[in-house]
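Visitor: Before we start, could you show me the chain and its fold, so that we can go through some of its features together?

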Amino acid sequence: MKQLKENSNKFFTRLLLMIVAFVAVDQVAGACLYYFFTHQASGEYAVANHVVYNLNEYVLVLGSSRASHHYNSSLIKDGLNLSCFNGGRDGEGLLYSTAIFELALQRHVPKVVVLDVTSDVLSEKEDEKNRLSILLPYLKQSDVIGNMIEKKGRLELLKSHLQTYRYNGQVVSIFQHYFLSSGNTVMGFNPLDNKMDASRVSIHTSLKPYSDSISADNVDALNLFINECKRQKIQLFVFVSPRYNDDTQQNSYLKLKRICNSNKVIFHDFTNDVYFKNPEYYSDRAHLNGRGADLYTDTIVAFMKKRLSPEANVQYLSSEEPVSQN
């Protein structure tokens with residue numbers, strides 16, 4: 001009996017030491033990964049890190065890949081005389097944009113936000129919540145991130161107590177963008193170089209009209225986004241940027257317009273703008289190439305100039321930046 005008790009004590013002592021060692025290694029490795037994560041010089045996380053930790057621009061562009069590839073920050077800066085950063089991210093929807101916007105507001109309040117959306121931005125999409133894990137590195141920055149991650153499942157939040165888990169699947173990318181910076185973005189804008197082969201693209205959409213279900217989470221995210229803009233006195237522009245195919249006939253689109261109209265948010269859909277139906281402007285049927293992006297940015301700058309609120313201009317005029325006479 002005495003021997004059994006001694007063996008049991010040894011087992012639990014070793015188990016405790018192993019747990020303590022595991023936690024210590026996890027904490028140290030997590031701290032190291034956090035350093036490299038926050039010091040990436042290129043890549044999508046470098047763009048997101050600028051929005052979260054270093055944003056100081058007056059105009060912030062948010063949205064999915066169509067935001068990242070369609071809005072030339074330099075042209076917006078020159079056209080509006082307001083500094084601009086493009087925080088769009090490939091493959092991400094409204095939940096991500098709202099979360100990253102909340103994080104940005106903790107350190108800086110832009111005067112103007114451009115939110116690029118697709119016609120199905122409020123539709124229920126199976127994989128959208130699964131992609132929210134990319135927000136895990138920012139978990140300690142805001143409760144909003146925890147609430148977003150929880151939409152994927154409580155198990156995900158439980159696993160995130162491991163510091164290293166927050167960078168799960170990102171380690172190679174983190175070191176790649178720390179040590180091998182490509183520096184291929186200009187103030188977040190990531191233009192596409194290739195030109196679409198129009199002969200291989202159908203101009204007809206395969207979507208059935210009004211067949212989508214509305215996501216309550218996405219509606220909540222849009223309302224939160226709009227309410228934050230109201231609370232912080234940020235002028236919000238919601239744009240549907242051009243695409244070669246027309247896919248606007250969705251319940252999501254109608255809901256989006258109703259929410260924007262009821263909140264007096266400036267909304268404009270460039271999908272059917274005939275000026276952008278030229279295949280020379282596209283990289284693929286959903287994305288403008290660099291040439292198309294520049295033309296589109298010039299268009300939205302002219303649109304925004306006519307509607308820019310006095311508050312945005314007052315902020316600019318009181319800044320230390322030189323004032324253009326144009």
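Guide: One term first: a pocket here is an open set of grid points, where a 1.4 Å probe fits, with protein on both sides within 12 Å along at least five of seven lines. Please keep in mind throughout that this is a predicted model.

Visitor: What volume does the largest pocket have, and which residues are the closest to its centre?

Guide: The volume of the largest pocket comes to about 380 Å³. Its lining is made up of 24 residues, and those closest to the centre are Ser64, Glu92, Thr118, Asp120 and Lys125.

Visitor: Which elements give two or more residues to the lining of that pocket, and how many of the lining residues are charged?

Guide: Two or more residues each come from helix H3 (65-70), from H5 and from E3. Sorted by class, the lining holds six nonpolar residues and nine polar ones, while the number that are charged is nine.

Visitor: Turning to the strands, which residues of E2 and E3 are the bridge partners of Leu60?

Guide: Strand E1 pairs with E2 in the parallel sense over three bridges, and E1 is also joined to strand E3 (residues 112-116), again running parallel, by four bridges. Within these pairings, the partner of Leu60 in E2 is Phe85, and its partner in E3 is Val113.

Visitor: Which residues of E1 point the opposite way from Val59 and Val61, and are they buried or exposed?

Guide: In a regular strand, side chains alternate between the two faces of the sheet. In E1, Val59 and Val61 point one way, and the residues that point the other way, which are buried as well, are Leu60 and Leu62.

Visitor: How many residues of helix H2 are buried, and what covers them?

Guide: Helix H2 spans residues 44-54 and is mostly covered, with nine of its 11 residues buried; among them are Tyr45, Val47, His50 and Tyr53. The cover over these buried residues includes helix H1 (2-38), strand E1 (59-62), strand E2 (84-86) and helix H5 (94-105).

Visitor: Why does Tyr178 count as partly exposed, and which residues does it touch?

Guide: Tyr178 lies in helix H8 (residues 171-179), and it counts as partly exposed because its relative accessibility is 26%, whereas buried would require under 20% and exposed over 50%. Although Tyr178 and His39 are 139 residues apart in sequence, their C-alpha atoms are 6.6 Å apart in space. Leaving out residues up to four places away in sequence, Tyr178 touches Tyr35, Phe36, His39 and Gln40.

Terms used
Residues are numbered from 1 along each chain as its sequence is written. This is a predicted model: local features need pLDDT of at least 70, side-chain atom pairs count only at pLDDT 80 or more; totals for chains, interfaces and linings use all residues. Side-chain values use heavy atoms; hydrogens and water are left out. Buried means under 20% relative accessible area, exposed over 50%, partly exposed in between (1.4 Å probe, protein chains only). Contact means heavy atoms within 4.5 Å. Two strands pair if DSSP finds at least two bridges between them. On a 1 Å grid over the protein atoms alone, a cavity is a set of points where a 1.4 Å probe fits but cannot get out, and a pocket is an open set with protein on both sides within 12 Å along at least five of seven lines; lining residues have an atom within 4 Å of a point. Grid points are joined across faces, edges and corners, and a volume is the space filled by probe spheres set on the points. Ala, Val, Leu, Ile, Met, Phe, Trp, Tyr, Cys and Pro count as nonpolar, Asp, Glu, Lys and Arg as charged, and the others, Gly among them, as polar.
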